Amino acid sequence: MDSEELTAEELEAKRRVYAHLAQGAADVKAGRVQPLDDAIDEIIRELDTYPENAPGLTDDEKIDIVAAKEYKAAFEELGK
């Protein structure tokens, strides 16, 4: 990584990612897993119901939701 300093928001985002990955690793070790297709379907359902203009979202989160919905649409188009 560069010598540039991270903002408080960037540090918090990194912390959330690491916490999520640590929880995932703990879930796998404990046998709390689900089939990949089920996990993807769950994520897609959440994206379909979560508006990108929901209150409290950061601009980056809004962009991520829109991008994920665009990827979903592209994959669905490929499947036709």
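Helix 2, residues 36-49, gives the most to the lining of the second largest pocket: five residues. I'll start with that pocket. One caution before going on: this is a predicted model.

So, what volume does the second largest pocket have? About 230 Å³. Its lining runs through Gln 34, Ala 39, Glu 42, Ile 43, Glu 46, Leu 47, Tyr 50 and Ile 65. By class, five of these lining residues are nonpolar, one is polar and two are charged.

Now, confidence. Averaged over the chain, pLDDT is 81. A score of at least 70 is reached by 95% of the residues. Helix 2 has the lowest confidence in the chain, with a mean of 79. Helix 1 has the highest, at 87. Keep the general rule in mind: where pLDDT is low, predicted coordinates should not be read in detail.

Next, the helix pair. Two packed helices are described by the angle between their axes and by the distance between those axes. Helix 2 and helix 3 pack at about 120°. Their axes lie 10 Å apart. Why call the pair oblique? Roughly perpendicular ends at 115 degrees and roughly antiparallel starts over 145, and helix 2 and helix 3 are therefore oblique to each other. As for handedness, helix 2 passes helix 3 in a left-handed crossing.

On to the largest pocket. Rolling a probe the size of a water molecule over the atoms shows where empty space is left. The largest pocket holds about 830 Å³ of space. It is lined by 22 residues. Which of them are closest to its centre? Ala 13, Arg 16, Val 17, His 20 and Leu 21.

Where does this lining come from? Helix 1, residues 8-29, and helix 3, residues 59-78, each supply at least two residues. Helix 1 has the largest share, with 12 residues. By class, the lining of the largest pocket has 10 charged, eight nonpolar and four polar residues.

To recap. Confidence is highest in helix 1 and lowest in helix 2. That's the tour.

Notes
Residues numbered from 1 in each chain as written. Predicted model: local features only at pLDDT ≥ 70, side-chain atom pairs only at ≥ 80, totals over all residues. Heavy atoms only, no water. 1 Å grid on protein atoms, 1.4 Å probe; cavity = no way out; pocket = protein on both sides within 12 Å on 5 of 7 lines; lining within 4 Å. Points joined across faces, edges and corners; volume = space filled by probe spheres on them. Helix = DSSP H or I, 4+ residues; strand = E, 2+ residues; numbered from the N terminus. Nonpolar A, V, L, I, M, F, W, Y, C, P; charged D, E, K, R; others polar. pLDDT = per-residue confidence, 0-100. Axes fitted to C-alpha atoms, helices over the stretch in contact; angles between N-to-C directions. Parallel < 35°, antiparallel > 145°, perpendicular 65-115°, else oblique. Left-handed = near helix turned anticlockwise from the far one by under 90°.
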